[in-house]
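Good morning, and thank you for making time for this presentation. I would ask you to look at the structure as it comes up, and I shall then take you through it part by part.

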Amino acid sequence: MRDVVRWVCDEAKRRGAAFADARAGETVGSSILLQDGRADKLSQYIQRRLGVRVLLDGAWGFASSEDATRDGARQAVEAAIDMARASAKLPCDLTEVCDLPPIEDEERVAAEVDPRSVAFAEKMAAMRRLEETMAQVAAGKAVNTVASYSDSVAVTYVANTRGTLIFGEAPRVWMSAGLTVQDGGLRQRWGERKAARCGYELVRDTTPDEIAGEAARIAVSLLSTAPPPSGKMPVVFHPSVTGLFTHEAIGHNAEADLVLAGESIIEGKLGQRIASECVTIVDDSDRGTNWGAYKYDSEGTPARERMLIDKGILVGLMHSLTTAPRFGVEPTGSARAQDAGYRPIVRMSNTYIKPAEQPIELADMIRDIDVGLYVKGGQSGYVMCEKGQFTCRVGEGWMIRDGELAEHVRDVCVNGMTLETLHNIDLVGSDFTLEWPGMCGKNGQGMPNNCGGPHIRITELVVGGLAGV
Amino acid sequence: MANLQAIAKQACNEAMRAGAQFADVGLSRGKSLSIELERGRIKSSDARWGSGCSVRAIINGAVGWSSAPGADLDAALQAARLAVELAEVADPDPDFRQLPGPASGPDVGPTADPRVAQLTIGDLVDFCLMNVESAQEVEPSVVVSGGASTGWDESVLVNSCGVDLYRESTSVNASVQAIIRRGDDVGSFYDYDVARFLEDFVPEGLGAKAAKEALSCLNARKIGSGVMTVVLGPLASPSLAGSVCYAAVAEEVQRSRSFLAGKLGQRIASEHVTLIDNPLIPRGLATSAFDGEGVPRKPLTIVESGVLRSYLHDTYTAGKAGVESTGHSTRGGISPTNVIPKLGTMTAAEIIAGVEDGLYLNDSFAYPNMVTGDLSTTVEFGFRIEGGKLTYPVKNTMFGANLLDMLMNLDAVSSDYREEPGRIMPTVRVHNVRVAGGA
């Protein structure tokens with residue numbers, strides 16, 4: 001594949017491309033699904049893709065297939081050039097590509113335990129321990145248990161016509177435990193997960209109680225919850241929700257390709273105050289084996305920490321080789337592709353609010369709230385970037401009444417307008433956790449991301465619950 | 001060009017030779033073209049093509065899956081052997097009965113249009129630029145994104161019980177998102193069209209429609225909280241129907257993960273709600289003669305006048321339940337096909353006119369917690385209804401309800417609807433919904 005990506009770039013240049021890059025990769029992976037006592041579904045896959053992107057006569061074209069041979073590359077170059085010719089009818093302005101010095105490097109993320117070397121029997125036994133733990137902690141209330149495991153090792157080559165050539169090899173491991181519990185006519189469900197860019201040591205180093213026991217405890221506690229309230233109120237976020245909020249409410253809006261496309265609410269606001277002074281938000285790929293970490297992005301640009309909001313001021317965006325020149329800045333190594341078969345687009349990595357330096361704890365945040373909500377367990381979210389309206393779905397919460405945590409509630413969903421909410425963050429805690437790995441979807445591509453931060457307090461948010469306050 | 005069926009048969013035989021008791025093999029290849037727009041110009045044109053194979057081997061109910069790129073014999077044989085190795089290690093499942101055998105299927109007509117397969121990237125460019133123009137005619141300052149795409153694929157399914165099927169499919173779609181700014185105020189909306197056949201594809205005017213709706217979304221206001229009547233328009237109501245259909249998936253019911261578990265034969269909605277899954281609609285987006293395992297498809301009444309009549313089964317869940325498969329396998333999961341609600345007698349305008357104080361949802365992602373049915377979600381694009389009229393757009397607004405309560409409080413389904421091939425999307429009205437506003 002190394003020779004193929006180099007050949008693609010040479011050929012594209014010979015055919016008149018002002019810039020071209022090629023990505024080739026092969027990923028092998030396996031997974032186990034253990035439900036209700038049986039690991040009766042095991043799977044393995046091999047995936048291979050070659051993707052070619054060309055800039056020809058001021059227009060972009062892209063082509064990909066699973067054929068990473070020289071013949072396949074020839075077809076891909078030809079097709080990418082055809083596509084560029086089609087785009088030339090009315091090309092957009094993203095035709096300047098940052099002129100970075102070429103880099104030749106390798107990134108081999110070493111697994112302490114290569115997941116390919118671990119027998120399925122051992123992996124299944126680990127999933128059984130998760131399930132046994134869930135059943136035990138749920139004390140007879142579990143009606144469905146699911147333990148799942150997946151791993152992958154991806155090999156990638158990235159080359160461009162500037163001379164960059166990056167080889168990457170990285171493992172990933174994901175494990176999760178979830179259950180449905182029932183008590184009388186009531187049923188609730190909860191799951192916990194752990195994932196990292198590492199080898200099977202993640203499983204060996206995780207105790208079953210850490211995810212399976214925790215999932216069962218929360219699921220059982222949800223059986224005695226009340227429906228969530230409905231209305232506008234102060235809300236305190238647990239770090240698991242802070243991360244989700246940061247990712248959805250501001251992270252996507254700070255992707256420079258959306259800003260350039262006119263699809264971001266923060267367009268034109270660089271250098272302006274868009275959040276309260278206690279808010280500093282960062283996206284950082286340089287975090288070891290963290291689920292969203294990487295050394296080089298899919299364009300071969302070195303990744304780094306990106307300061308997005310510094311004490312409330314919008315100071316930066318996440319950039320690719322083509323968005324950075326439009327802002328007169330260096331690219332930030334934020335261009336990622338799901339795999340070699342997709343065009344790189346601007347994505348987040350590990351996004352979080354920085355904790356406060358002085359001690360501020362949850363008790364400090366709730367003591368002066370008459371009626372409010374504390375939410376925990378961020379599950380999913382999305383944002384309408386162009387109008388800056390975000391939604392976060394959360395698994396559980398506690399009413400705050402007269403400065404104390406009160407009744408436990410379930411299935412909370414909150415909504416806010418990004419720019420208002422950022423200004424309404426009046427307290428940022430001194431704690432910090434970055435352990436909510438997930439897959440983010442954008443333009444049909446799924447990408448591993450992580451998010452987190454400290455506890456934060458927002459003076460008002462809309463809560464879309466089922467009950468009156 | 002490799003003969004997919006011959007390769008699939010050889011791979012299936014290999015899996016049986018290696019020790020499988022049952023096996024099925026899927027091979028496919030396809031190609032697609034797409035355009036992405038940015039600010040009304042072409043950001044990129046993309047071409048993708050590929051092929052792949054997947055083998056499922058079953059031993060005492062234990063399942064091993066193996067998939068690989070390419071539709072060549074070597075890859076398929078290797079995948080077959082690997083699938084068997086996995087099935088030998090997996091836990092047996094005594095609930096597994098068998099894979100389906102060959103059967104004659106219904107005549108659904110062609111599912112692929114050669115004219116769509118022959119669409120060029122130049123054709124897609126024309127669809128896109130036509131819609132950019134029509135959006136700009138409505139509002140010159142509109143920011144237009146979206147694009148167009150077309151796809152063709154063929155696939156085969158062969159199993160060890162004699163199923164031997166070939167399927168071909170095409171698709172074409174165009175979409176426009178229109179964003180209009182007036183200072184700090186933003187109005188946005190979208191429109192799209194999708195089809196399998198060129199005669200059903202109507203890309204004209206999407207840009208103008210999206211731009212007009214975006215204009216109507218300017219000056220959105222926050223509203224107060226309360227209990228209201230909510231009218232879900234054609235782009236919002238399918239999420240209610242979809243929630244019911246996905247909760248009716250038998251795997252979720254049998255695993256106690258669905259709010260419809262234990263409710264077969266019971267009233268779950270008002271008499272206005274009838275949902276029929278019809279995989280036989282000519283040229284429908286989800287139309288096919290056989291499901292993913294090779295079971296012949298037929299229409300299924302899921303909900304009839306508010307009563308839950310059927311879950312959606314594949315052969316595995318049907319075996320556990322002691323019923324016939326309903327033909328909803330995706331070969332690895334279960335999914336509805338073309339979901340058709342029974343229409344009512346009032347038009348959408350009449351339904352809205354009957355609401356004194358409420359909310360109209362132009363679009364919303366109304367999918368509940370599938371275990372409990374509790375729903376809490378944002379009104380993404382909505383309007384206030386006052387005195388039977390849409391008055392102004394809303395923002396920072398949410399609603400919450402239990403989905404079963406919403407279905408019971410559903411008192412009207414419109415007679416008019418938005419149609420995509422195989423999909424009927426009416427307007428529905430639901431009373432007593434708790435709305436939370438940011439005012």
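Predicted model: local features only at pLDDT ≥ 70, side-chain atom pairs only at ≥ 80, totals over all residues.

A:Ser43 has B:Trp65 as its bridge partner, and B:Trp65 lies in E3 of chain B.

How many residues does each chain bring to the contact? Chain A supplies 65 residues and chain B supplies 61. On the side of chain A that touches chain B, strand E2, residues 38–56 of chain A, gives the most, with 11 residues. By class, that side of chain A has 27 nonpolar, 22 polar and 16 charged residues.

Let me turn to helix H2 of chain A, which covers residues 70–87. Which residues of H2(A) are buried? Among them are A:Ala73, A:Ala76, A:Val77, A:Ala79, A:Ala80 and A:Ile81. A:Asp82 and A:Ser87 are buried residues of H2(A) as well. The cover over these buried residues comes from both chains. From chain A it includes helix H1 (2–14), E2 and strand E3 (59–65). From chain B it includes strand E2 (41–59) and helix H4 (121–138).

The next element is strand E6 of chain A, residues 165–183. Of its 19 residues, 15 are buried, so the strand is largely enclosed by the rest of the structure. What does E6(A) pair with? One partner is strand E4 of chain A, residues 104–108, in the parallel sense over 5 bridges. There, A:Asp105 stands opposite A:Ile166 of E6(A).

Another partner is strand E5 of chain A, residues 142–160, which is joined to E6(A) by 17 bridges and runs antiparallel to it. Within this pairing, A:Asn144 has A:Thr180 of E6(A) as its bridge partner. E5(A) and E6(A) form a hairpin with 4 residues between them, and in its turn A:Gly163 has a positive phi of about 105°.

E6(A) is also joined to strand E7 of chain A, residues 186–196, by 11 bridges, and these strands again run antiparallel. The hairpin of E6(A) and E7(A) has 2 residues between the strands, and A:Gly184 takes a positive phi near 65°.

I now move along chain A to an open sheet of 6 strands with mixed pairing. The order in chain A is E11-E10-E9-E14-E20-E19. Which strands form the edges? They are strand E11 (313–314) and strand E19 (438–442) of chain A, each of which pairs on one side only. Inside the sheet order, strand E9 of chain A, residues 281–284, is joined to strand E10, residues 305–310, by 4 bridges, and the two run antiparallel. A:Ile281 has A:Ile309 in E10(A) as its bridge partner. Helix H6 of chain A, residues 239–251, packs on the sheet and touches E9, E10, strand E14 (350–353) and strand E20 (445–452) of chain A. The direction of H6(A) makes about 130° with that of E20(A).

Finally, the domains. Chain A is assigned domain 1 (2–222) and domain 2 (230–464). Their centres, taken over C-alpha atoms, are separated by 22 Å. In chain A, 36 residues of domain 1 are in contact with 28 residues of domain 2. The elements giving two or more residues to the domain 1 side include strand E1 (19–35), E6, E7 and helix H5 (208–222) of chain A. That side of domain 1 divides into 16 nonpolar, 11 polar and 9 charged residues.

Chain B is assigned domain 1 (4–216) and domain 2 (221–439). In chain B, 24 Å separate the centres of the two domains, taken over C-alpha atoms. The contact takes 25 residues from domain 1 of chain B and 24 residues from domain 2 of chain B.

Terms used. Residues numbered from 1 in each chain as written. Chains lettered and ligands numbered in written order. Domains from an automatic or database assignment. Contact = placed C-beta atoms within 7 Å. Nonpolar A, V, L, I, M, F, W, Y, C, P; charged D, E, K, R; others polar. Pairing = 2+ DSSP bridges. Expected span 1.5 Å × (residues − 1). Buried ≥ 20, exposed ≤ 12 C-beta atoms within 10 Å, placed from the backbone. Axes fitted to C-alpha atoms, helices over the stretch in contact; angles between N-to-C directions.
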